[in-house]
Amino acid sequence: GVDYIMGYCEDEMRKLTFKEIECITIIDRRVIAIASDGKRYRLKDNLRFLEGILPTYFIRINKSALANEHRIERFNAAVNGGVDAIFRCGYREYVSRRCFAEIRRRYE
């Protein structure tokens, strides 16, 4: 099957392989892929569609973000008492309590 998705960054359009995508999130109401080099690419598809085509190593970490679990470096306690996922490229995204409970079950 397909192992990439098209990403758009200013005038550039490029194939992003699933492996190099660290996180897909919503920023300013746009679906954004954070690549392993830290660059942000706009995606044309919505999260629900993406959730259906992405490999199983993409996990939901909050209601508007999907994370490549191979690219999560660690989980850090956040200021608000929650948890943040820290990605290899340095990007951080909060993990909702419900999703974190689910993730912990996967690791136990």
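A nonpolar core, for these notes, is a set of buried Ala, Val, Leu, Ile, Met, Phe, Trp, Tyr and Cys residues joined through side-chain atoms within 4.5 Å. I'm working from a predicted model throughout.

**Entry 1: the largest core**

I went for the largest nonpolar core to begin with, and it has 17 residues. Leu 16, Ile 21, Ile 24, Leu 43 and Leu 50 are the members that touch the most others. Strand S1 (4–9), strand S3 (21–27), strand S4 (30–35) and helix H1 (47–53) each put in at least two residues. S4 gives the most, with three.

I then picked Leu 43 and listed its contacts, skipping residues up to four places away in sequence. Leu 43 touches Ile 5, Met 6, Gly 7, Leu 16, Ile 24, Val 31, Ala 33 and Leu 50.

There is also a second, separate core, this one of 16 residues. Among its members are Ile 59, Val 83, Phe 87 and Cys 99.

How many of the six residues of S4 are buried? I get five, so I'm writing S4 down as mostly covered, taking buried as under 20% relative accessible area.

On one pairing, S4 runs antiparallel to S3, with six bridges joining the two. Ile 27 stands opposite Arg 30 in S4. The two strands make a hairpin with two residues between them, and Asp 28 in the turn has a positive phi of about 50°.

S4 also pairs with strand S5 (residues 40–42), again antiparallel, through three bridges. Here Ile 32 has Arg 42 in S5 as its bridge partner. This hairpin has four residues between the strands, and Gly 38 takes a positive phi near 90°.

**Entry 2: the three-stranded sheet**

Further along I found an open sheet of three strands in the order S8-S9-S10, paired antiparallel. Strand S8 (72–77) and strand S10 (92–95) are the edges, each pairing on one side only. Ignoring direction, neighbouring strands in this sheet are turned by 30° against each other on average.

S8 is joined to strand S9 (residues 83–87) by five bridges. Within that pairing, Phe 75 stands opposite Ala 85.

What packs on this sheet? Helix H2 (residues 97–107) does, touching S8, S9 and S10. The direction of H2 makes about 95° with that of S10.

**Entry 3: aromatic pairs**

I searched the whole structure for aromatic pairs and got three. I wrote up two, starting with Phe 75 and Phe 100. Their ring centres are 5.4 Å apart and their planes sit at 65°; over 60 counts as edge-to-face, so that's what I call this pair.

Why does this pair tie together parts separated in sequence? Phe 75 lies in strand S8 and Phe 100 in helix H2, so the parts it links are 25 residues apart.

Phe 75 is partly exposed, at 28% relative accessible area. Phe 100 comes out at 17%, so it counts as buried.

The other pair is Phe 87 with Tyr 91: centres 6.1 Å apart, planes at 40°, so tilted. Both of these residues are buried.

**Entry 4: lysines over rings**

Lys 15 lies over the face of Tyr 4, at 4.5 Å from the ring centre. Lys 44 lies over the face of Tyr 8, at 4.0 Å from the ring centre.

Conventions: Residues numbered from 1 in each chain as written. Predicted model: local features only at pLDDT ≥ 70, side-chain atom pairs only at ≥ 80, totals over all residues. Heavy atoms only, no water. Pairing = 2+ DSSP bridges. Axes fitted to C-alpha atoms, helices over the stretch in contact; angles between N-to-C directions. Contact = heavy atoms within 4.5 Å. Phe/Tyr/Trp six-rings, centres within 6.5 Å; stacked < 30°, edge-to-face > 60°. Buried < 20%, exposed > 50% of the residue type's maximum accessible area, 1.4 Å probe, protein only. Lys NZ or Arg CZ within 6 Å of the ring centre and 35° of its normal.
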